[in-house]
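Please look over the sequence and the model shown here before reading the report that accompanies them.

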Amino acid sequence: MKKYLPLDFSGLNTYSIHGRYSKVTVENFAKPLAPGSTLKEFIASLPEQLLGVDFPELVGRLAKSHVSERPIIVGMGAHVIKVGLNPILIDLMERGIISAIALNGAGIVHDTEIAMVGRTSEEVGDVLGSGAFGAAKETGEVVNAGINQAAEKGLGLGDGLGEYLLEQNFPYNTMSLLATAKRLGIPLTVHVAMGTDIVHIHPSANGAAIGQTSHQDFRLFCALVADLEGGAYLNFGSAVLLPEVFLKALTVTRNLGHVVNNFTTANFDFIRHYRTMTNVVNRPTMGGGKGYNIIGHHELLIPLLAATLLDQLHGK
């Protein structure tokens with residue numbers, strides 16, 4: 001066998017660090033904050049690296065979209081609701097900053113339970129073994145009744161279910177995205193994958209009604225995306241379904257001749273996913289605009305995003 005000896009480094013070519021480009025300098029280090037500092041001072045204190053650059057830049061682009069009266073659409077998974085962020089989103093809706101919301105099927109389940117009883121999210125491990133997971137009687141009845149009524153009236157799923165919640169005058173409708181969107185006249189679309197949501201196992205589920213109303217919502221979502229030039233699309237916590245829906249909506253609007261090239265996208269999630277990076281951050285903005293990938297806990301980052309955006313808009 002060939003015998004290897006350690007390499008001799010004595011002839012290595014070197015250069016001076018003084019003439020070398022460096023990506024990190026002390027000028028862009030973080031700055032310590034004094035007690036009682038403002039949010040604006042906190043943002044200004046961030047290191048000029050990675051998210052310390054991207055986060056303020058994203059906020060600036062969102063502020064510009066809002067001031068220019070361009071849409072800011074939020075697509076989100078149910079986890080955002082489950083960690084208690086409805087009040088943050090509702091505040092942005094009432095201020096006219098969020099112009100539309102897209103939910104997956106799980107989102108309407110948890111949002112409806114919040115509206116009905118002010119609580120949601122069962123402990124799956126405690127009930128799955130007995131076959132009781134997802135069998136809450138009222139949840140299935142209310143969600144499916146709202147969908148069935150929407151189909152009868154020719155409404156989309158989000159619009160129709162929001163209307164149904166308001167009709168029932170549930171005690172926590174003020175905490176519901178569906179009810180708030182209907183009250184404010186803000187488009188809220190729902191994109192269902194059949195069999196993924198607990199209400200699909202209930203006897204009141206009507207596949208035709210679910211399909212009809214959710215497809216109508218997809219068409220409405222396409223209309224929203226067709227007007228996205230200069231605006232922004234934010235994906236909060238949906239790793240697969242809504243990124244796929246967004247990409248399909250974007251291609252159909254471009255196919256129909258709508259100019260949707262220069263806009264902002266951002267993905268907020270716990271971990272990096274292929275689909276969100278490609279379908280939200282990278283592919284849609286290849287012809288213009290910019291995409292951002294913000295990784296971390298929703299219960300920290302989304303309130304920070306909202307507060308920083310409001311602070312910047314108030315400062316203007």
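## Overall architecture

The model is predicted, and its protein chain contains 13 helices and six strands. Along the principal axes, the C-alpha atoms of the protein chain fill a box of roughly 80 × 65 × 50 Å. Of the 316 residues in the protein chain, 43% are buried.

Ala150 belongs to helix α7, which covers residues 137-153, and Ala150 counts as buried because its relative accessibility is 1%, where the limit for a buried residue is under 20%. Between Ala150 and Thr264 there are 33 Å in space, taken from C-alpha to C-alpha, while the two residues are 114 residues apart in sequence.

How many cavities of 30 Å³ or more does the structure hold? There is one cavity that reaches this volume, and the volume of the largest cavity is about 90 Å³. Its lining consists of 13 residues, among which Leu92, Ile98, Leu234, Phe236 and Leu305 lie nearest the centre of the cavity.

Which elements supply at least two residues each to this lining? They are the strands β1 (72-76) and β4 (232-236) together with the helices α4 (86-94) and α13 (298-315), and α13 provides the largest share, with four residues. In terms of residue class, the lining of the largest cavity has 13 nonpolar residues, with no polar and no charged residues.

Glu163 counts as buried because its relative accessibility is 17%, whereas Lys153 is partly exposed, with a relative accessible area of 47%, and Lys182 is partly exposed at 28%. The network of salt bridges in this region links Lys153, Asp159, Glu163, Glu167 and Lys182.

A further salt bridge is formed by Arg275 and Glu244, with the closest N and O atoms 2.6 Å apart. This pair likewise links distant parts of the chain, as Arg275 is in helix α12 (residues 274-282) and Glu244 is in helix α11 (residues 241-255), 31 residues apart. Arg275 is partly exposed, with a relative accessible area of 31%.

## Positive phi angles in loops

Most residues other than glycine have a negative phi, and two positions may be examined with this in mind. Leu50 has a phi near 50°, which is a positive value in a residue other than glycine, and Leu50 is placed in the loop between α1 and α2 (51-67). Leu50 is exposed because its relative accessible area is 72%, where exposed means over 50%.

Glu69, although it is not a glycine, has a positive phi of about 60°. Its location is the loop between α2 and β1. Is Glu69 buried or exposed? At a relative accessibility of 69%, Glu69 counts as exposed.

## A nonpolar surface patch

Leu7 is located in the segment before α1, the helix of residues 39-45, and Leu7 is exposed, with a relative accessible area of 73%.

Definitions and conventions:
Residues are numbered from 1 along each chain as its sequence is written. This is a predicted model: local features need pLDDT of at least 70, side-chain atom pairs count only at pLDDT 80 or more; totals for chains, interfaces and linings use all residues. Side-chain values use heavy atoms; hydrogens and water are left out. Buried means under 20% relative accessible area, exposed over 50%, partly exposed in between (1.4 Å probe, protein chains only). On a 1 Å grid over the protein atoms alone, a cavity is a set of points where a 1.4 Å probe fits but cannot get out, and a pocket is an open set with protein on both sides within 12 Å along at least five of seven lines; lining residues have an atom within 4 Å of a point. Grid points are joined across faces, edges and corners, and a volume is the space filled by probe spheres set on the points. Ala, Val, Leu, Ile, Met, Phe, Trp, Tyr, Cys and Pro count as nonpolar, Asp, Glu, Lys and Arg as charged, and the others, Gly among them, as polar. A salt bridge is a side-chain nitrogen of Lys or Arg within 4 Å of a carboxyl oxygen of Asp or Glu.
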